[in-house]
Amino acid sequence: MLNFDVKLLGEKDPLMIVLDGEGRVLLWNRACSELLGYEFEEVRGQKVGQMRPDSEGAESTRRLLTQLLDGKPPPSESLTLTKAGERRWIAWSAQVSRLPDGTPEFISLVGVDRTGTKLAEEALRASEAKFAGIVALASDAIISMDGEQRIVIYNEGAETIFGWRRDEVLGKPLDLLIPEGFREIHRQHVRDFAAGTVKARRMGNHHPGIFGLRKNGQEFPAEAAISKLEVGGQVFLNVVLRDITGRVRVERDQRFLAEVGSVLAATLDFQEVITRIAQLAVHFLADVCIVDLVEEEGQARKRRVVHRDPARMQLAAAFEQLSVERGGPSVTSQVLETRRPMLRSEVSAEFLQSVAQGPEHLELLRQLHPTSFMGFPLLARGRLLGALLLVSSDPRCRYDPEDLRLGEELALRAALTVDNARLYRAAQKAIAARDEVLSIVAHDLRNPLNAVGLATAALRRTGPQDGSGRTARKTAESIERCIDQANRLIEDLLDVTRIEKQGLHIERARVAPGELLAEAAPLFTAAVSEASLELRTELPEALPLVLADRDRILQVFSNLLGNAVKFTPPGGRIRIGAERLDDEVRFSVADTGPGIAPMHLPRLFDRFWQERPTDRRGAGLGLYIAKGIVEAHGGRIWAESTPGRGTTFFFTLPVAPGLAHNGMAPAPMHAPC
């Protein structure tokens, strides 16, 4: 009895062939004729493999027959050629019936055409080979895992990124590539994705960032996408992961440099600048920052040392007490001498000994536990200002060329800020010296002017007429006017010094705006008449009292009216007035002079500035002082002008709390500044 492969017999239209012991065809069913193209009468009695004796299919059939006669099982598939020459792949199941002496009597074959499946498998293998090539060449990590999150595919890109070889990770849990603190949450996210309906998505959308773990223990930022594929009822998960360390580093460095610019721009105080440089460095780039500056005499003096760990500030203070020997072995000395950046990624005990200035310095260096360092010269405008030293004490954070480039950017900004702070400090010293000279000159000049004034007053009272008909009185009056001008200039210079140093002293009291205008107008009655001008006062019937120092506000009016008289041509008009604006009273002085060009308005109140330097009419201090007085009262001052149509100066004073008045005030009540 013959036994056949049950699976093959269950296939639709199986091929059935019976051969004699020598391989001649005894039985050939209709399925064979339809598939192979030979009718039974064409093949009856012929030996299989002889129908197309020189073909590849014939050779395959002869090998199949030999295997069967030798008692070996048939191959899973065998190539057969049809009468038309088509290649067909047949899966055979065979039984050999033998005589008592073992001689083959019959060979029974049952076959199924697997050509379609064979071609599909070949295409699949070609696709797999192509995919394997793509996976192997991809620079990104491509990792596949099974339902238990064990790694089944791991490409060369993954080897490069993670540092593990393929044979070290295949079959291992994916946890091997995940930092410990993220493993549990990552496992849960993967389980949720595998159980969900979404086929693919980016990872990290719902939690902060993705991080990988290299073989050396280093964590790194990454971005990844995950997809899933079900094969034979089993779910496989595929992850494509990209190391974004470089991109994150660039973004982080840009944020750091932006913060450096913002923080350093906030002050010009020399000591504060140095401290901020060191603090910024340890906040982002170092465990220890040492700033050494070169003083004017060329000697380096340690100015600021900051440690990231507040508990080690005593060590930082000890470093600040050490002086740097120019030309010595220290790192700072080498940077100052070469004026070039220095990078050392590894720091050995021998190296520390080679750069120590002595036993005390060596001991302090050892206490820093440096693993790597960078040094940078501080250069600005071609001048050496000092050196910046950054030290890392973390074995996992060793400086590399990228860190060196960032450190150079920090050093450049630090040098410019130090240079600006030094220039500002020098300017402040120069201003202080100038103010001191102005005070001395004003004081020393006032004494002889006072003496001249007393003598002139006596001359005006008692002196006889001179031979030309002019009286000594008129001469004395001319001298007195010159003395008054000199005294006003002295007062202006002193006011400038007061404004810039500590501010003007203001004694506020409740004052009626009408009184201020009434007292200001007569100050220039003579000057207005002499210049053939018209002076008009405009005042509403009722205005509230203001808080003001009467004498100082009259000084403002004097400066503004003096300007108006100077620049208004004969026949022109000058108008002074006041009006209420909310909690302020706005005063104005308007003229019909030539006006001021818009480009000059922003500089009107600058010290010593005049629109026409070649036609100076005074020292250029009046408007500057007026601005200082008004601002000391808490008010504002500005000008509005149209060339050819005159100029109006405005200034405001705060309304006095409490009682209002219709323009005339009772006895003033002095209020504290």
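Visitor: Which residues of α14 are exposed on its other side?
Guide: Exposed means over 50% relative accessible area, and buried under 20% (1.4 Å probe, protein chains only). On that side of α14, Pro 359 and Glu 360 are exposed. This is a predicted model, where local features need pLDDT of at least 70, side-chain atom pairs need 80 or more, and totals for chains, interfaces and linings use all residues. Numbering runs from 1 along each chain as its sequence is written, and side-chain values use heavy atoms, without hydrogens or water.

Visitor: Which residues of α14 are buried?
Guide: Helices are DSSP runs of H or I, at least four residues; strands are E runs of at least two; both are numbered from the N terminus. In α14 (residues 359–368), the buried ones are His 361, Leu 362, Leu 364, Leu 365 and Leu 368. Their arc, taken from the directions from the helix axis to the C-beta atoms, is only 165°, so they sit on the same side of α14.

Visitor: What follows α14?
Guide: His 369 does, with a positive phi near 55°.

Visitor: How many cavities of 30 Å³ or more are there?
Guide: A cavity is a set of points on a 1 Å grid over the protein atoms alone where a 1.4 Å probe fits but cannot get out; lining residues have an atom within 4 Å of a point. The whole structure holds four of 30 Å³ or more.

Visitor: Which residues lie nearest the centre of the second largest cavity?
Guide: Phe 319, Val 331, His 361, Leu 365 and Leu 389, out of 21 lining residues. Elements giving two or more residues to this lining include α14.

Technical notes
On a 1 Å grid over the protein atoms alone, a cavity is a set of points where a 1.4 Å probe fits but cannot get out, and a pocket is an open set with protein on both sides within 12 Å along at least five of seven lines; lining residues have an atom within 4 Å of a point. Grid points are joined across faces, edges and corners, and a volume is the space filled by probe spheres set on the points.
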